[in-house]
Amino acid sequence: MPASNNKLTYLDLFAGAGGLSEGFASVGYHPIAHVEMDQDACSTLKTRESFYYLQSNGMKCKYIAYLKGKITKESFYNLIPDEILNSVICETMSDETMPSIFERIDFAMERRNADHIDLILGGPPCQAYSMTGRARKNMEGDPRNTLYKLYFQAIEKYKPTMFVFENVPGLLTAGNGSYLNAILSGFRARGYELDYDILNASDYGVLQNRKRIILIGWQKGSGHEYPTLQKLPKVYLVSELFDDLPALKPGQQKNAYTHELREGYLSGTGIRKKNDVLTWHVARTNLERDRSIYRLVIQAWNKDHTRLKYTDIPDELATHNNKTSFLDRFKVVAPDLTATHTMVAHISKDGHYYIHPDLEQARSISVREAARIQSFPDDFYFEGSRTAAFRQIGNAVPPLLAQTIATAIN
């Protein structure tokens with residue numbers, strides 16, 4: 001694809017905390033702007049953009065100082081040019097707001113000396129297409145169902161050579177397939193050829209079973225095609241994600257590694273790098289009753305790989321009368337498998353579905369442990385509260401999956 005200033009440029013829509021963007025930026029793509037409605041996620045995007053700016057200008061030490069709390073957020077942002085910070089557009093995408101959003105994107109292009117956008121990334125919020133979302137309530141009429149039409153508007157205006165549209169596999173069957181058909185026909189009507197596949201992040205270096213539909217399109221006649229992605233052998237265990245992190249009690253925080261960086265999964269993927277600063281290794285508080293359940297869940301897994309159902313929990317520990325649905329509401333992050341179960345945004349509500357495997361700790365996982373499961377690098381800092389950080393992580397595309405896609409289409 002052609003590029004501005006020898007770098008492939010991209011626009012990041014429905015950006016979240018930037019998991020998809022991180023994969024592309026990590027291999028040299030150049031972001032023009034990110035559009036996201038969540039304020040905490042936008043702050044995270046600004047901080048990550050600041051990281052890349054400082055790193056490219058030999059000032060990473062300033063970023064480290066910020067992570068260590070030696071300089072304030074205000075002082076940190078004062079180091080960053082306005083065009084970097086303002087490239088994060090904190091706005092809800094709608095028919096009414098798109099004209100002003102396009103004005104801000106155009107301004108970002110001008111400030112970044114870009115005369116075109118090579119690639120558009122993103123996928124609309126997936127609750128309207130997810131199986132759990134459809135199980136919780138009637139999604140008919142939900143405005144999130146048709147947010148893909150705003151993606152069309154960006155495609156029409158900027159005419160990128162390619163685009164990457166991601167979402168949950170439930171998109172295939174939502175509305176009996178009508179939504180997917182509308183998306184495919186809409187892109188084709190705008191001059192794009194395209195194809196899609198359901199990718200499991202566990203096949204591409206992420207220690208998590210997380211399936212996403214990845215739809216890739218390219219301008220007709222451009223000579224592109226859906227890339228062949230090389231699956232990786234599954235040789236690492238989930239336990240390696242936690243190996244260098246200190247033990248925590250519920251509610252405790254410890255931001256110091258237990259040992260120096262060693263060869264293995266963390267170093268091989270770049271999730272942890274030399275001289276990294278550990279942040280967000282903080283666990284939420286847990287009720288003693290819940291910890292008692294956690295111990296039973298951990299012991300059952302350690303004994304014979306049994307997943308306890310809610311109906312297996314002693315009556316004196318049970319707090320819900322519903323024993324016919326959501327029976328797997330307590331689940332340990334299995335350390336002896338090559339991939340754990342899917343990380344979802346509900347982790348921001350409680351940690352019962354992501355229990356640390358250490359019986360002595362008997363707690364839900366920390367923010368950093370959740371980030372590692374999603375393959376975020378340790379130098380990726382999440383802004384906002386602990387709840388906000390969990391939500392951003394749960395909603396994200398794993399950066400290592402995104403990196404695989406970015407490398408394949410370059």
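Which ring does the charged end of Arg 329 sit over? In this predicted model, that ring belongs to Tyr 310, with the charged end 4.3 Å from the ring centre. There's another arrangement of this kind to look up: Arg 307 lies over the face of Trp 301, at 4.3 Å from the centre of the ring.

Now for rings with rings. The count comes to 25 aromatic pairs. One of them is Tyr 148 with Phe 152, an edge-to-face pair with 5.5 Å between centres and 70° between the planes. Both residues belong to helix α8, which runs over residues 148-158, and they're four residues apart, or about one turn of the helix.

Elsewhere, one aromatic cluster brings together Phe 51, Tyr 52, Tyr 63, Tyr 66, Phe 76, Tyr 77, Trp 280 and Tyr 381.

A search of the whole structure turns up one cavity of 30 Å³ or more, and the largest cavity holds about 60 Å³ of space. Helices α1 (19-25) and α2 (39-56) each supply at least two lining residues, with α2 giving the largest share, four residues. By class, the lining has six nonpolar, three polar and three charged residues.

Technical notes. Residues numbered from 1 in each chain as written. Predicted model: local features only at pLDDT ≥ 70, side-chain atom pairs only at ≥ 80, totals over all residues. Heavy atoms only, no water. 1 Å grid on protein atoms, 1.4 Å probe; cavity = no way out; pocket = protein on both sides within 12 Å on 5 of 7 lines; lining within 4 Å. Points joined across faces, edges and corners; volume = space filled by probe spheres on them. Nonpolar A, V, L, I, M, F, W, Y, C, P; charged D, E, K, R; others polar. Phe/Tyr/Trp six-rings, centres within 6.5 Å; stacked < 30°, edge-to-face > 60°. Lys NZ or Arg CZ within 6 Å of the ring centre and 35° of its normal.
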